[in-house]
Amino acid sequence: MEKEKSFEVKAGERQSWLSLAMIWTGSMICIPCLMIGGVLGMAFTLPQVILCTLIGYGIVCIYMCFMGMQGCDTGMPTVSMASSVLGVKGGQFVVSLLLAVSCVGWFGIQSAVCGASFSSMLGSMAGVNIPVPVSSIFWGIIMLLTAVYGYKGLKILNYIAVPALIIVLAYGIFVAFARYDGVNLIASWIPSSQMSLVSGISMVVGSFALGGVISGDYSRYAKSRTDVIKSNVLGVFPSGLVVIMIGASLTMVTKQYDISAVLTALGVPALGLLALVLATWTTNVTNAYSGGIAVSSLLGKGEKSFKLSTAVSGALGTILAAVGLLNYFQGFLSVLTALIPPVAGVIIAEYWIIGKGRAGSRKVEEDWNIGGMIAFVAGAIVAYVTGNVYPVLIGPVNGIIVSMVLHVVFERFRLFQPVSVSGGGNR
């Protein structure tokens, strides 16, 4: 377990809750959130969009806070916390691989969005035609270099980018309302597409499902559980709600949900380009950062190899962006929404229900915890089926509940014994 312990955050490395909140704020101010706001704006009135957002982010923040407080208690990232419920090998290989693929995939999608929009807007503004793969690679490398500097680079980037991006988006809203009488257009808006409120809530949950699970990667730097809750709630809710409302409002005014296209249509293409780059940059750095942690754990390495593993994960994401990963965005998001939340379900059940929220109260030294693995897989299947095949309630939430209940039942009745490849035994 020494390699796992090398990830642990020492007391002197703890950060203020405000610096952690700024990281989550930077994560919420992103192109996907604006686009999700646009999609919701096509299907709902603005009050309904607000309702979907509040419920959706409320669900994410609940399990996000539990994951974050555990990270604060233990000083460990998500992949290390998973070892106590899935076994050392289960946490190292299964969860690390899942989180690594998810983070790398998101990094690729964000780089592809940035590259495509950068090429398009540069062509319209200056008549310069840059191939989309080249733009994607260029911006992927720029974002990756920031991520390699780790937490300090991430904090500095958000302190600069978040205020600038807020100003840009506020100016975009001002222009839209002044030129198109946006207040009256929004007040009289009649949705042009059909979507149930449950589907809208699920879309919001899915957009930040990964962020809720990997919250331990950042909240391990918090000084207390109270700081975790403050940083999570105040970092996610205000910025997330505002960004989705902006995306929905601009869609209702311009009938487009691509923020770069919207700002170009409003006659501010330069601002559109700046908003897109800043929004993608602040979000994508967190993808590379957590992807680096997951890859390092997957390879059995600790913090000492973090920069190399971050570089590898970011490079893979950049390559995926260049070869057209954006074309598979919908399928990727559906699978991600199903697989990620149940990870939180089994981890929360182990630490807060079985372990009663006490750090170090239970440790699994065996390679695989079969019961935890079955609970996780079952939750993932339920989340996918009820979220995509036969919609029932909210798919990600269903998956979390199923994985939690099954893990508690398996542990209470001792239905499965942990397995050690080298021959081991019981707890």
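Trainee: How much of helix 2 is covered?
Mentor: Most of helix 2: 10 of its 12 residues are buried. Keep in mind that this is a predicted model.

Trainee: Which residues are the buried ones in helix 2?
Mentor: They run from Ser19, Leu20, Ala21, Met22 and Ile23 through Trp24, Thr25, Gly26, Ser27 and Met28.

Trainee: What span should helix 2 have, and what are the ends doing?
Mentor: Helix 2 covers residues 17-28, so at 1.5 Å a residue it should span 16 Å. Its end C-alpha atoms are 17 Å apart, which agrees.

Trainee: What follows helix 14?
Mentor: Lys255, with a positive phi, near 65°.

Trainee: Now Ser231. Where is that?
Mentor: In helix 14.

Trainee: Buried or exposed?
Mentor: Ser231 is buried, because its relative accessibility is 0%.

Trainee: What does Ser231 touch, leaving aside neighbours within four places in sequence?
Mentor: Trp17, Leu20, Ala21, Trp24 and Val236. Leu20, Ala21 and Trp24 are also among the buried residues of helix 2.

Trainee: Switching to cysteines. How many disulfides?
Mentor: The count is zero. Take Cys61: the nearest cysteine sulfur belongs to Cys65 and is 5.7 Å away.

Trainee: Is Cys61 buried or exposed, and why?
Mentor: Buried, because its relative accessibility is 4%. Cys103 counts as buried as well, at 1%.

Trainee: Onto the surface. Which residues make the nonpolar patch of about 550 Å²?
Mentor: Leu308, Val312, Leu316, Ile319, Leu320 and Val323. Val312 lies in helix 17, residues 306-322. Val312 is partly exposed, with a relative accessible area of 37%.

Trainee: Zoom out. How many helices and strands in the chain?
Mentor: 21 helices and zero strands. Of the 427 residues, 58% count as buried.

Trainee: What share of the contacts with a separation of 6 or more comes from residues 24 or more positions apart?
Mentor: 86%.

Note on methods. Residues numbered from 1 in each chain as written. Predicted model: local features only at pLDDT ≥ 70, side-chain atom pairs only at ≥ 80, totals over all residues. Heavy atoms only, no water. Helix = DSSP H or I, 4+ residues; strand = E, 2+ residues; numbered from the N terminus. Buried < 20%, exposed > 50% of the residue type's maximum accessible area, 1.4 Å probe, protein only. Contact = heavy atoms within 4.5 Å. Patch = residues over 30% accessible without salt bridge, like charges linked within 9 Å, V, L, I, M, F, W, Y side chains within 5 Å. Areas by Shrake-Rupley, 256 points an atom, 1.4 Å probe, with all protein chains shown as cover. Salt bridge = Lys/Arg side-chain N within 4 Å of Asp/Glu carboxyl O. Disulfide = S-S within 2.5 Å. Expected span 1.5 Å × (residues − 1).
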